[in-house]
Amino acid sequence: MIKMSKSFGKNPAVILEKIRESLDRLNEKMEIFIELQKHERKQDFIVQDLPEALDVMTLLSLPDHLRKTAVSICKLGHATAEEVAEQTKRARAVESGYLNQLVLMSYLQKERKGRKAYFYVEK
Amino acid sequence: MGRIIVIHSYKGGTGKTLLSVNLAAAYAKEGKRVCLLDLDFRAPSLQSIFRLGGSKYWLNDYLNGSCEIGKVLVDYTPECECNGNMYVGLANPATEALRDMSAKDRKWEMRALGRLLSLKNTVLNDMELDYLIYDTSPGLQYSSINAIVSADVVLVVSTIDRSDVEGTTRMVHELYDLFEKKTAILMNKVPCEFLSTQLERDSVIKRFESTHTLPVLKVIPCYCDVLRAGGSKIFVRDEPEHAFAKHVNDIALKIDSF
């Protein structure tokens, strides 16, 4: 939700930037929702506080589409969906969905820096 | 950018270590910059071959996060009699270290994977190496699968033993394929009578390519000289005219175009 406050002043650039950020976040949430629906595996995702170990045995047990994303993030260390998509040669939106799925499964962590969301393995 | 080559097998005793050492020596002889790492933490063997005393640190220490990789590597170039460079990183053969490595938990293995993956930057790129070769434990060991995940090319060494062939076939489908690795088979210790004519050699290659659904890079006969040497020789350096050394040189060329 965008709140028009005094701090925005009347600068349209600031307002537009805020709208863009909000749309980005909304888009990300929709991607997760689409991904969950696509695989109909809502029940499999148990959100946990403690990160799960993303070791090679776990990698082997993941479905093919998620394994590719997970291996890629292991190699990159700390990356955006766009950087992962460059490695896997799949669409950024697809990778964003898979990365968020891995976050839900507690294998990855996610942090925001400005407009960008970074994914990484908690060591 | 250099390449990471992993030498793996389903069973022990297939000749992984001998092939790894000679492959590294073949590349170094060609003038390449190469580094050979012993990732067989269950049964380290490079120490017996190289008899190095130059480093106080082992690969175990690097994976434990107690030192950087530079402290582990020993420059073997002077003993290698080569035009390039050869570095070696050893696994700790002490019983206590073997016990310690077999008791690591999943979190540790996950961090070890991260440290292995980072070698692409710290060793291949920063040290400007052409090849990083990993000698691994047979089968589905953590350290071996970590190595496979970080590999550019996987060479699977198999004998004609039925259980070896069947196990290798399973690993192709349940391991290498899942990680989408560029993989090739090396058939080693094949009885000479199966390879006496070109027709027979082609037939052996065709048979195993069809079994594994992967290219067979080389079929190496079983040489009594190699067995007799008992790991005391690096054939590419000590007996470059030996047929085994020529097979290894050929493998090195084939990997480059693979």
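## Chatting through chains A and B

Guide: Let's start with a pair in chain B: C35(B) has Y87(B) as its bridge partner in β4(B). Keep in mind that this is a predicted model.

Visitor: OK, and in which sense do β2 and β4 of chain B pair?

Guide: Parallel, over five bridges; β2(B) covers residues 33-39 and β4(B) covers residues 85-89.

Visitor: What's the strand order in the sheet they belong to?

Guide: It's an open sheet of eight strands in chain B, ordered β3-β4-β2-β5-β1-β6-β7-β8, and the pairing is mixed.

Visitor: Which strands stand at the edges there?

Guide: β3 (74-75) and β8 (216-221) of chain B. Each has a single partner strand, so one side of each has no neighbour in the sheet.

Visitor: Which strands does α10(B) touch when it packs on the sheet?

Guide: Helix α10(B), residues 162-176, touches β6 (153-158) and β7 (182-190) of chain B. The direction of α10(B) makes about 160 degrees with that of β6(B).

Visitor: And where does α11(B) lie?

Guide: Across β7 and β8 of chain B; α11(B) is residues 198-212 and runs at about 130 degrees to β8(B).

Visitor: How far does α11(B) reach from its first C-alpha to its last?

Guide: 21 Å for 15 residues, which is close to the 21 Å expected at 1.5 Å a residue. After α11(B) comes T213(B), with a positive phi near 50 degrees.

Visitor: Switching topic: how many residues of chain B are in contact with chain A?

Guide: 14 residues of chain B, and they contact 10 residues of chain A.

Visitor: Which elements of chain B give two or more residues to that side?

Guide: Those are α7 (106-117) and α9 (142-150) of chain B. The most comes from α7(B), which gives eight residues.

Visitor: What's the split into nonpolar, polar and charged on that side of chain B?

Guide: Eight nonpolar, two polar and four charged.

Visitor: Which residues of α7(B) and α9(B) meet?

Guide: From α7(B) you have E109(B), A112(B), L113(B), L116(B) and L117(B); from α9(B), Y142(B), N146(B), A147(B), V149(B) and S150(B). By class, this contact of α7(B) with α9(B) comes to seven nonpolar, two polar and one charged.

Visitor: Now chain A. What's the strand order in its three-stranded open sheet?

Guide: β1-β3-β2, with antiparallel pairing. β1 (78-79) and β2 (109-113) of chain A are the edge strands, each pairing on one side only.

Visitor: How many bridges join β1(A) to β3(A)?

Guide: Two, with β1(A) and β3(A), residues 116-120, running antiparallel. One detail to look up: F119(A) in β3(A) is the bridge partner of A79(A).

Visitor: And at what angle do α4 and α5 of chain A pack?

Guide: About 110 degrees, with the axes 8 Å apart; α4(A) is residues 81-88 and α5(A) is residues 92-104. That makes α4(A) roughly perpendicular to α5(A). Their crossing is right-handed.

Visitor: Which residues make that contact between α4(A) and α5(A)?

Guide: On α4(A), they are A81(A), E82(A), V84(A), A85(A) and T88(A), and on α5(A), R92(A), E95(A), S96(A) and L99(A). The contact of α4(A) with α5(A) has four nonpolar, two polar and three charged residues.

Methods:
Residues are numbered from 1 along each chain as its sequence is written. Chains are lettered from A and ligands numbered from 1 in the order in which they are written. This is a predicted model: local features need pLDDT of at least 70, side-chain atom pairs count only at pLDDT 80 or more; totals for chains, interfaces and linings use all residues. Two residues are in contact if their C-beta atoms, placed from the backbone, lie within 7 Å. Helices (H or I, at least four residues) and strands (E, at least two) are DSSP runs, numbered from the N terminus. Ala, Val, Leu, Ile, Met, Phe, Trp, Tyr, Cys and Pro count as nonpolar, Asp, Glu, Lys and Arg as charged, and the others, Gly among them, as polar. Axes are lines fitted to C-alpha atoms, for helices over the stretch in contact, and angles run from 0 to 180 degrees between N-to-C directions. Angles under 35 degrees count as roughly parallel, over 145 as roughly antiparallel, 65 to 115 as roughly perpendicular and the rest as oblique. A crossing is left-handed if the near helix is turned anticlockwise from the far one by less than a right angle, and right-handed if clockwise. Two strands pair if DSSP finds at least two bridges between them. The expected span of a helix is 1.5 Å times one less than its number of residues.
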